[in-house]
Amino acid sequence: MEDLAMYIIEILMNSIHASSHNIICNIEIDTHEDLLTIIVEDDGKGMEEQFLNNITNPFVTTRKTRKIGLGVSFLQSLCDQCNGKLVIKSRPNIGTITIATLPYSHWDIPPLGNIGEMMMLCIQANPDIEFMLYFKKDNINFLFDTKEIKKILDGVKINEPDILLWLKDYINQGIKGENQ
Ligand SMILES: Nc1ncnc2c1ncn2[C@@H]1O[C@H](COP(=O)(O)OP(=O)(O)OP(=O)(O)O)[C@@H](O)[C@H]1O
Ligand SMILES: [Mg+2]
């Protein structure tokens, strides 16, 4: 996959498919420590321990349409390739947290990609899920929360096309530190 947003959206999709109500995505880049941390946390249906132990195996899936699942194994491969680490913790009926830590300057780390579009796609199809994005890179701190946006929208649907396009730009500017 050519950018990190594509890896992250796979993990977000898993949280969406797990019937989550709240999904938090945390992306932190610490250039000093040379550390990239990606965390996706949800309050979805979670997984049993035995299932979780095998989750990075592509043949482990609850998919009905094909017998392999690729989202988690793709991220695991990226972590393996870059001397990073993937940790997934989950509790049935409580939720799941996926934590990827990677050396930021490793040559195999793809570019960040379009994080605004990634969030837009998630919100577009799931306007009733609350998404939080927290982005931190050195002195840039950007927080995006659909609950806050919905308050401002005052009844206007968050997945109206104009609003979605605005959100995408707002997020992409925010993570560059342009909204501060
Ligand atoms: N956040 C989550 N909450 C609950 N179950 C999860 C979560 N993430 C993954 N799973 C479980 O792990 C399985 C494997 O996930 P993975 O993303 O690797 O494949 P998939 O989602 O089945 O297929 P694909 O990602 O290729 O569409 C899923 O089928 C699902 O049962
Ligand atoms: Mg998946």
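# Close-up views of a predicted model

**View 1. I158 sits in the loop between helix 5 and helix 6.** What you're looking at is a predicted model, in which local features need pLDDT of at least 70 and side-chain atom pairs count only at pLDDT 80 or more, while totals for chains, interfaces and linings use all residues. Residues are numbered from 1 along each chain as its sequence is written, and chains are lettered from A and ligands numbered from 1 in the order in which they are written. Helices (H or I, at least four residues) and strands (E, at least two) are DSSP runs, numbered from the N terminus. For the cut-offs, buried takes 20 or more other C-beta atoms within 10 Å of the residue's own, exposed takes 12 or fewer, partly exposed is in between, and C-beta atoms are placed from the backbone. Skipping neighbours within four places in sequence, I158 is in contact with I123, P127, T146, I149, K150, L153 and I163. Contact here means that the two C-beta atoms, placed from the backbone, lie within 7 Å. T146 is 12 residues from I158 in sequence, and their C-alpha atoms are 8.1 Å apart in space.

**View 2. Two aspartates, D154 and D138, have a positive phi.** D154 is in that loop between helix 5 (146-153) and helix 6 (161-174). Its phi is about 50 degrees, although D154 isn't a glycine. D154 counts as exposed because it has 6 C-beta neighbours inside 10 Å. Now find D138, in the loop between strand 5 and strand 6 (140-145). D138 isn't a glycine either, and its phi is about 45 degrees. With 11 C-beta neighbours inside 10 Å, D138 counts as exposed.

**View 3. Strand 1 (residues 22-30) has a covered face and an uncovered one.** I23, C25, I27 and I29 make up the covered face, while N22, I24, N26, E28 and D30 make up the uncovered one. How does strand 1 pair with strand 5 (residues 130-137), parallel or antiparallel? Parallel, over 8 bridges, with M132 of strand 5 as the bridge partner of I24. (Two strands pair if DSSP finds at least two bridges between them.) Strand 1 also pairs with strand 2 (residues 35-42), this time in the antiparallel sense and again over 8 bridges. There, E28 has T37 as its bridge partner. The hairpin of these two strands has 4 residues between them, and D34 in it takes a positive phi near 55 degrees.

**View 4. Side chains alternate along strand 3 (residues 85-91).** Take V87: it counts as exposed because it has 11 C-beta neighbours inside 10 Å. V87 and T98 are 11 residues apart in sequence, with their C-alpha atoms 5.9 Å apart. Strand 3 pairs with strand 4 (residues 95-103) in the antiparallel sense over 7 bridges, and R91 has G95 as its bridge partner. The hairpin has 3 residues between the strands, with N93 taking a positive phi near 65 degrees.

**View 5. The largest nonpolar core has 37 residues.** A nonpolar core is a set of buried Ala, Val, Leu, Ile, Met, Phe, Trp, Tyr and Cys residues joined through C-beta atoms within 7 Å. Which members touch the most others? They're I8, L12 and M119. Helix 1 gives this core its largest share, 7 residues. Beyond its neighbours within four places in sequence, L12 is in contact with I23, C25, V40 and C122.

**View 6. A shell of 20 residues lies around ligand 1.** A residue is near the ligand if its C-beta atom, placed from the backbone, lies within 6 Å of it. N14, A18, T61, G69 and G71 come nearest. Helix 1 (4-17) and helix 3 (71-81) each supply at least two residues of the shell. The shell divides into 6 nonpolar, 10 polar and 4 charged residues. In this count, Ala, Val, Leu, Ile, Met, Phe, Trp, Tyr, Cys and Pro are nonpolar, Asp, Glu, Lys and Arg are charged, and the others, Gly among them, are polar.
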